[in-house]
Amino acid sequence: WQGAALACAQTHKALGLRRKDRRPLETDSLPFSRIFVYGAQVIGVPLPEVYLQPEQPGEILPANCEEKGALVPSFVVRAGMLQARPEKELAFVCAKQLSYLRPEHYLKMVLQTNTDLKAVFISALLLVQPQFPVKPELVPAVEKWLPSIRERVHPKWQEQLHLVVKRFLGMAGDVDLVRWGNAIEATGNRVGLLVCGDLDVAARLVSLEPGQVGGPSTKDKIKDLVLYSISEEYFAARSHLGTVIG
């Protein structure tokens, strides 16, 4: 995932961000910053860099940055997250976005199309099994990604990749990356609900999100949240957290 993320990363300068402008989240007095730090602690991810653009409309956008060959996960936070807003809403949005920083979720955040996702997946297989068959319609996308990923997969990552790919090929099962992506989004919604602790808030914010081609309907997303909200897993997680936002 890191090699693929680096293959599509940009420098801070290219994205119009200045490192000196990063927000000091852990000492910041903004409500957003306090909730963002709490969300990162709950989810178990390192705090990413955050840059504020209060004059720009919108909420929060990922910025897949790199510096000197190292990945620097970042977010750009805009007016919708910085104006007066209920803490539970901030908690849901922050937690959902932070959930994408988990290593097993990160590529869903930075790869915007299913074609790119498939091409990156196949490229990883080809790094280990160069003779792996590629469908003709995916060849151009794979040829675009493979050299960049090969260049950025460090030797220690390559060793791990060999083990994972060989294990995967031995399983000989079908891969549904669209379903995987939908599951990642569902996990983000559940994490948002877990941190904000309010089903009404979570359902309303999910209903405002634009639909995705091939993705579940808004009704199905909300149904999943409702079922999760009455599950033993949800109550156990809430009990473990102890504190409640808002």
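These legends accompany close-up views of a predicted model. Local features need pLDDT of at least 70 and side-chain atom pairs count only at pLDDT 80 or more, while totals for chains, interfaces and linings use all residues. Residues are numbered from 1 along each chain as its sequence is written, and side-chain values use heavy atoms, with hydrogens and water left out.

**View A. Helix α2 crosses helix α4.** Helices are DSSP runs of H or I with at least four residues, strands are E runs of at least two, and both are numbered from the N terminus. The axes of α2 (residues 31-43) and α4 (residues 87-99) come within 9 Å and cross at roughly 45°. That makes α2 oblique to α4. Axes are lines fitted to C-alpha atoms, for helices over the stretch in contact, with angles from 0 to 180 degrees between N-to-C directions. Under 35 degrees counts as roughly parallel, over 145 as roughly antiparallel, 65 to 115 as roughly perpendicular and the rest as oblique. The crossing of α2 and α4 is right-handed: the near helix is turned clockwise from the far one by less than a right angle. Contact means heavy atoms within 4.5 Å. On the α2 side, P31, F32, R34, I35, F36, G39, A40 and I43 take part; they meet E87, L90, A91, C94, A95, L98 and S99 of α4.

**View B. Helix α2 and its end.** The 13 residues of α2 reach 18 Å from first C-alpha to last, close to the expected 18 Å. The expected span is 1.5 Å times one less than the number of residues. Buried residues of α2 include F32, I35, F36, G39 and I43. Buried means under 20% relative accessible area, exposed over 50%, partly exposed in between (1.4 Å probe, protein chains only). G44 follows α2 and has a positive phi, near 80°.

**View C. L82 in helix α3.** L82 is found in α3 (residues 79-82). It counts as partly exposed, at 25% relative accessibility. Beyond four places in sequence, L82 touches L30, F32, L52, P54 and V77. The C-alpha atoms of L82 and F32 are separated by 6.7 Å, though the two lie 50 residues apart along the chain.

**View D. The kink in helix α7.** A kink of about 30° lies at W145, shortly before P147. The bend is the angle between axes fitted to the seven residues ending there and the seven starting there. A141, V142, W145, L146 and I149 of α7 are buried. Their cover includes α1 (2-7) and α6 (114-128).

**View E. K68 in a loop.** K68 sits between β2 (60-67) and β3 (70-78). Its phi is positive, near 55°, in a residue other than glycine. K68 is exposed, with a relative accessible area of 85%.
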